[in-house]
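Subject: A structure to look through

Hi,

Here is the structure I promised to pass on. Have it open while you read, and my notes will follow below.

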Amino acid sequence: MKCPMIPPDENQRLKALAAYGLGQDRPLPALDPVVQIAARMFNVPVAAINMIGSDHVFFAASVGVGTVDMGRDVSFCAHAINQTNVMVVPDSHLDERFYDNPLVIGPANLRFYAGVPLTSPDGYALGALCVIDGQPREFSEEDCERLRELAKMAVDRLELRRLEISTEQSRRPFEEFARNSPTAVVWFDAHRKIVTWNQAAAALHGYRLDEGESLLVDQLIPEREHPIFHQLIAQAVTTGTFDGISMPENVHGLRKDGTEFELGLSLFCWQEHGQLIFNAHLHDITAKKREEEELHRLATTDLLTGLANRGRFYREVEHALVAARPIAVLMLDLDGFKDVNDTLGHAVGDSILCEVARRLEDGLGKSGLAARIGGDEFALLIHPMDDLAQAQSIAQTLINSLAKSIVIDHHEIRITASCGVALAPQHAQEALELIGNADLALFHAKRLGGAQSFVFVQALRMEAVARHLYGLELHRAVHEGELVLFYQPQVRLSDGVLAGAEALIRWRHPERGLLSPAAFLPALENGPLAATVGDWVLDEACAQVAQWRRYGLKDFRMGVNLFGAQFRVDDLAAKVISTLERHGLPASALELEITENIVLEHDEVALESLRRLREAGVGVAFDDFGTGYASLSLLKHYPLSRIKIDRSFVQGMLESQQDKTVINAVIDMANAYSLETIAEGIETTEQQMALLEIGCSEGQGYLFSRPLPAAEFADMFGVAYSPRRSRRA
């Protein structure tokens, strides 16, 4: 644990602190509203104004604080006073100053801290205003600015306290201390008669300076608030002080012309010549309140659409769950919005988002809250809601509403949306888990093809956990050489001669055995290792085909599947060509396989890389052809050499005229563009002969062989094989 530094001006600092008359048993009630506002504004359980003594600390005001160690050596605020700006500790467990601090590892469980120093007029650090949480969290620059604003409010109230103490000690005449002060100051007696006031107070209430002594202080506030004010004065008369008396939060001032304004009020009193004298400091806080309301609006609203933002949505879900209300959370995502944005521009995209927001609010009515979570993702909170069928019906109604055409700048645009639904308490009883479950349902709805809703089921959570675990284990698998390549032969349909092979990745898991790609490929493709593993597959497959060519398979080619991430990292074309050169292979020995998703997500980058590779002689095959949305248009623009006919059509071609028609159409298109064809998933001789009859030149599938390790592949096709030391990914 790192103890806080003692400032070089410590003696002067302690002397300045003493001028405020504060102590462990002498807090300042005027500061209570400041910490209460801080706790609400930042949604934290603990907020405090902590004054730093010589060897201990004490709270001038606090909310949510239990019993804690008040030693200066463990205090976070004792560190904060050595800074001029906000000190933020997002996660104390990761901070070398605090990870072993008793406040962190003990019952206090202090994980997050943000504190700003409070200074005297002479610049001495007295203490800090801080907000604290038991969970790690982020704290933006905007949050820092809001905390600094609250600190100014606290400093003002501390300064009033210092003036009160100073007044009690010196009893300076009014003219000396307040006559020309810009702060509105009113002195009055126990009967509430104004003794004197300054020009600032007279102007604040619309009077001349000389009218003050004929007034009661009651005339400066609306009649409806007189009882509360009279009670405050009566309490102070009884106790001789305002210490410990809480001030009302909402007070109004009254001008001579009858208009009202929101009033900031601080009251002090002292004995003078046997009489109790009252001192009121007044501020017109109307503008400040409006500013605070606007700041709150900005902090809780999505500026583009006017819907609630992510932070407010999460808080509203939390409040509903704490209140034990049955609720439904719907997560919506627009299908293909990126393409619309890229095609028509961001201005049109923004207009679409605003129209989507309007339709969601109209569809939701007053039964809940609509929010924009980010990008083209929206969220809805519906309460009360405990009927699963009704929640899904609402989701489908919203999807149907969004599917209606939108006209923007003479463009008629149609979009679809996918929706995930989760209910509490059925699916979760905690906000993050409930929203996460709705998000998993949304992910599944999109995976099913979009434009539909899906209700959360527990299997989705189990799949997500499995993906996460695989993601963690993949790092080990890559570095420990657990990934291996299997090879599935590709043959000429006319005579069964071996033409090549497709390299397919497998995972030899130390506990679960050999895993197929379906088990781990989603985690790999969407994780940080995709490009690294893709490069390894390319190198390993080229090394293997180079060996087999040396041992007799002279015109053998190798098919390698690409990951989308490989287009984003380095120069793919240069990397492929250098790999071929390193293994002494001609470009014709390699055929790169791409899917429609890769093409659509990396359009320009992919197109340029593939053109360079095709010009160099590398084959480019379009995998799973016919199963997507844009395949036909891509044939014209992409430098392809081969089309792979998807297994779903092959397996149904003998029973389904539709599947056979699709295959015929694909082969006709391939011929029109001078492209080769290969059919996947051939399992019977009848399928082979039917494909050959309609003009398909090559095929692969279990009829010829399942994917095999390199040694078994070589043995099956009678080629020499010598084990190589495989390079780890």
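At roughly what angle do the axes of helix H10 and helix H14 cross? The answer is roughly 115°, and the axes of H10 (residues 310-322) and H14 (residues 431-447) come within 9 Å. Axes here are lines fitted to C-alpha atoms, for helices over the stretch in contact, with angles running from 0 to 180 degrees between N-to-C directions.

Before going on, some ground rules. This is a predicted model, where local features need pLDDT of at least 70 and side-chain atom pairs count only at pLDDT 80 or more, while totals for chains, interfaces and linings use all residues. Residues are numbered from 1 along each chain as its sequence is written, and side-chain values use heavy atoms, with hydrogens and water left out. Helices (H or I, at least four residues) and strands (E, at least two) are DSSP runs, numbered from the N terminus.

Back to the two helices. On the H10 side, Phe313, Tyr314, Val317, Glu318 and Leu321 meet Ala431, Leu432, Leu434 and Ile435 of H14; contact means heavy atoms within 4.5 Å. These residues divide into eight nonpolar, no polar and one charged (Ala, Val, Leu, Ile, Met, Phe, Trp, Tyr, Cys and Pro count as nonpolar, Asp, Glu, Lys and Arg as charged, and the others, Gly among them, as polar).

Next, the aromatic rings. There are 15 aromatic pairs in the structure (rings of Phe, Tyr and Trp, the last by its six-membered ring, with centres within 6.5 Å; planes under 30 degrees apart are stacked, over 60 edge-to-face, the rest tilted). Why does the pair of Phe76 and Phe98 count as stacked? Because the ring centres are 3.9 Å apart and the planes are at 15°. Phe76 lies in helix H3 (residues 76-80) and Phe98 in the loop between strand E3 (87-89) and helix H4 (102-105), so this pair ties together parts that are 22 residues apart in sequence.

Tyr113 sits in strand E4 (residues 112-119), 37 residues from Phe76, and is buried at 1%.

Elsewhere, Tyr487, Trp548, Phe556, Phe713 and Phe717 form one aromatic cluster.

Now have a look at helix H24 (residues 685-693), whose buried residues are Gln687, Gln688, Ala690 and Leu691. They pack against helix H22 (647-652), helix H23 (657-672) and strand E25 (676-679). Just after H24, Gly695 takes a positive phi of about 105°.

His230 is in helix H8 (residues 226-239) and is partly exposed at 28%. Leaving aside neighbours within four places in sequence, His230 is in contact with Arg192 and Asp218. Val497 is in the loop between strand E18 (483-492) and strand E19 (498-509), and is partly exposed at 36%.

Cheers

Conventions:
Buried means under 20% relative accessible area, exposed over 50%, partly exposed in between (1.4 Å probe, protein chains only).
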